[in-house]
Amino acid sequence: MSTYTDEGVMDVKKAACDRLLAARVEMKMRGAKMNDVLQKLHLAQPTARDDITSPRKMKLATKDI
C-alpha cells in the first residue's frame, strides 16, 4: 500500500468500512431494542376453513409484469 501512488488505498478503505459496518450491525442485533421489535412481529399463516378451493385473484395489468 502506498499513499504516494494511491496503490491499495481503496482496498484498505473498503475493508475497514466493511469491518466497521459488520461491527455496528452486530451491536444493533445484540441490543435490547432489537428483541423488543422481534417480539412485536407476527407472521400470519392462512389456514383452510373448508373444502372449497379459491384461486388466487390477480389483476391483468399486474400479470404482465
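The model is a predicted one, and every value given here is computed from it. Leu 21 has its place in helix H1, which covers residues 9–30. This residue is exposed, because its relative accessible area is 53% and the term applies to values over 50%.

Helix H1 also contains a pair of charged residues. Which residue forms a salt bridge with Glu 26? The partner is Arg 30, and the closest N and O atoms of the two residues are 2.4 Å apart. Arg 30 and Glu 26 are four residues apart in helix H1, so about one helical turn separates them. The two partners can also be described by their accessibility. Arg 30 counts as exposed at 61% relative accessibility, whereas Glu 26, with a relative accessible area of 44%, is partly exposed. The structure holds one salt bridge.

The protein chain has three helices and zero strands, and from the N terminus on its elements run α-α-α. Its radius of gyration is 25 Å, well over the 11 Å that the globule rule gives for 65 residues, so the chain is more spread out than a compact globule. The C-alpha trace spans about 75 × 40 × 15 Å along its principal axes.

The protein chain has 13 positive and 9 negative side chains. The centres of these two sets lie 8 Å apart.

Methods. Residues numbered from 1 in each chain as written. Predicted model: local features only at pLDDT ≥ 70, side-chain atom pairs only at ≥ 80, totals over all residues. Heavy atoms only, no water. Helix = DSSP H or I, 4+ residues; strand = E, 2+ residues; numbered from the N terminus. Rg over C-alpha atoms; globule rule 2.2 N^0.38 Å. Lys, Arg positive; Asp, Glu negative; His and termini not counted. Charge placed at Lys NZ, Arg CZ, Asp CG, Glu CD. Buried < 20%, exposed > 50% of the residue type's maximum accessible area, 1.4 Å probe, protein only. Salt bridge = Lys/Arg side-chain N within 4 Å of Asp/Glu carboxyl O.
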